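Here's a quick briefing on the structure below. Have a look at the fold, then read on for the main points.

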Amino acid sequence: MKTGIIGLPQVGKTSLFKILTKAKIDEHGRSNPREAHIGVARVPDERLEKLSALYSPKKTTFASVEYVDVAAIGQEALKETAYLTNLRSVDALIHVLRVFEDEAIPHQGPIDPLRDAKNVEFDMMLSDLQQVEKRIERVEKDLKKARTGDLEREHALLLRSKESLEKEIPLRELEMTPEERKLIRGFMFLSQKPILYALNVSESATLGADLEVAVSRYKLEPIAQRPNAGATAICGKVEAELAEMDDAEAADFLLSYGLHESGLVRLIRKSYELLGLISFFTAGEDECRAWTVPIGAKAPQAAGVIHTDLEHHFIRAETIRWDHLLDAGSEAAARAKGTLRLEGKEYIVHDGDVLHIRHSG
């Protein structure tokens with residue numbers, strides 16, 4: 001699952017990508033101005049750390065999110081095939097919005113993150129509308145040759161999509177059945193992707209409080225509270241400094257700003273949630289590990305994430321909530337208390353479950 005990082009020029013988008021993924025790239029030296037950079041960030045998880053402390057395994061493996069840094073977005077960029085291909089390949093978007101003041105970094109006109117968010121959203125909807133209209137023309141020609149149920153369903157959905165876009169309502173807000181989503185999945189519409197707005201604020205002595213109120217201060221709540229959207233705030237300058245520190249230094253540095261965790265931790269967590277993902281754990285002396293599955297995944301699907309053979313030969317899942325396991329102190333104690341239980345093929349995995357798969361393979 002990929003999350004694309006987008007933004008207008010000079011918002012700190014590529015700097016954020018480098019801090020997130022620890023990628024070594026030259027922000028100003030893209031050999032191709034539309035080249036995309038790809039990196040992976042670890043999903044911080046205190047639950048896994050506590051499980052690891054209980055088991056003292058040889059290895060601890062966190063879940064991860066793949067990020068794609070594309071060049072600055074705009075109407076001209078969205079007309080280019082290579083740029084569109086990179087952007088359409090992602091599953092969700094983080095839109096970095098500039099709030100920080102810095103005379104050394106130019107900005108056209110007054111800083112207004114709500115205006116920028118709406119302008120970029122409009123450009124993406126316009127790109128989708130052009131794609132929808134072209135497809136409608138093709139489908140209507142095909143319907144004249146032969147009317148099929150699939151074509152008629154696609155045509156009806158495209159007309160609904162066109163109506164939504166013409167009303168400037170992004171496709172992520174259009175209600176669709178699972179079958180309808182499958183029907184137009186191949187188009188990879190930009191405005192259908194879940195979006196997280198990330199306000200990049202200025203450094204200040206009251207940074208902790210500033211981050212807490214940033215979304216409401218800059219009037220982003222109306223768009224952040226819409227379906228499949230969200231918002232958070234970071235300070236890119238502070239995050240860059242934190243990236244150079246060890247854990248102890250970083251903790252002291254955060255406390256000096258009234259913060260208990262990095263803005264990037266919240267950003268990664270929110271982008272993970274935005275993708276509709278949860279984590280379950282496997283725990284033992286060899287490894288404690290977080291695994292990623294979609295919300296609503298059943299136990300055999302979770303087993304398949306660990307290894308495909310486990311899904312094919314699945315019998316039962318021995319499961320317990322991570323905190324119940326910690327409270328018990330061991331699997332044996334949890335089993336004696338009855339909090340470690342067996343679940344079958346229809347069991348829906350919950351965020352924070354610790355699973356042990358029983359199989360016939």
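How much of residues 122–168 is helix and how much is strand, and how far apart are the end C-alpha atoms? That span is 89% helix and 0% strand, and its end C-alpha atoms sit 7 Å apart. Keep in mind that this is a predicted model, where local features need pLDDT of at least 70, side-chain atom pairs count only at pLDDT 80 or more, and totals for chains, interfaces and linings use all residues. Residues are numbered from 1 along each chain as its sequence is written, and side-chain values use heavy atoms, with hydrogens and water left out.

**Overall build**
- The protein has 15 helices and 12 strands; these are DSSP runs numbered from the N terminus, with helices being H or I of at least four residues and strands E of at least two.
- For 361 residues, a compact globule would have a radius of gyration near 21 Å, and the protein's 23 Å agrees with that (taken over C-alpha atoms; the rule is 2.2 Å times the number of residues to the power 0.38).
- Along the principal axes, the C-alpha atoms fill a box of roughly 65 × 65 × 40 Å.

**Burial, contacts and surface**
- Of the 361 residues, 47% count as buried (under 20% relative accessible area, with a 1.4 Å probe and protein chains only).
- Among contacts with a separation of 6 or more, 68% join residues 24 or more positions apart; contact here means heavy atoms within 4.5 Å.

- His155 belongs to helix H5 (residues 149–166).
- With a relative accessible area of 16%, His155 is buried.
- Setting aside neighbours within four places in sequence, His155 is in contact with Ile136, Val139, Glu140 and Leu143.

- The unreviewed UniProt entry gives residues 276–359 as "domain: TGS".
- This span is 32% helix and 38% strand, with its end C-alpha atoms 28 Å apart.
- Helix H12 (residues 299–306) has Ala299, Pro300, Ala302, Ala303 and Gly304 as its buried residues.
- What do the buried residues of H12 pack against? Their partners are strands E8 (277–282), E9 (287–294), E10 (314–321) and E12 (353–359), plus helix H13 (308–312).

Terms used: Buried means under 20% relative accessible area, exposed over 50%, partly exposed in between (1.4 Å probe, protein chains only). UniProt positions are given in the numbering used here, feature names are shortened, and annotations may be inferred rather than shown by experiment.
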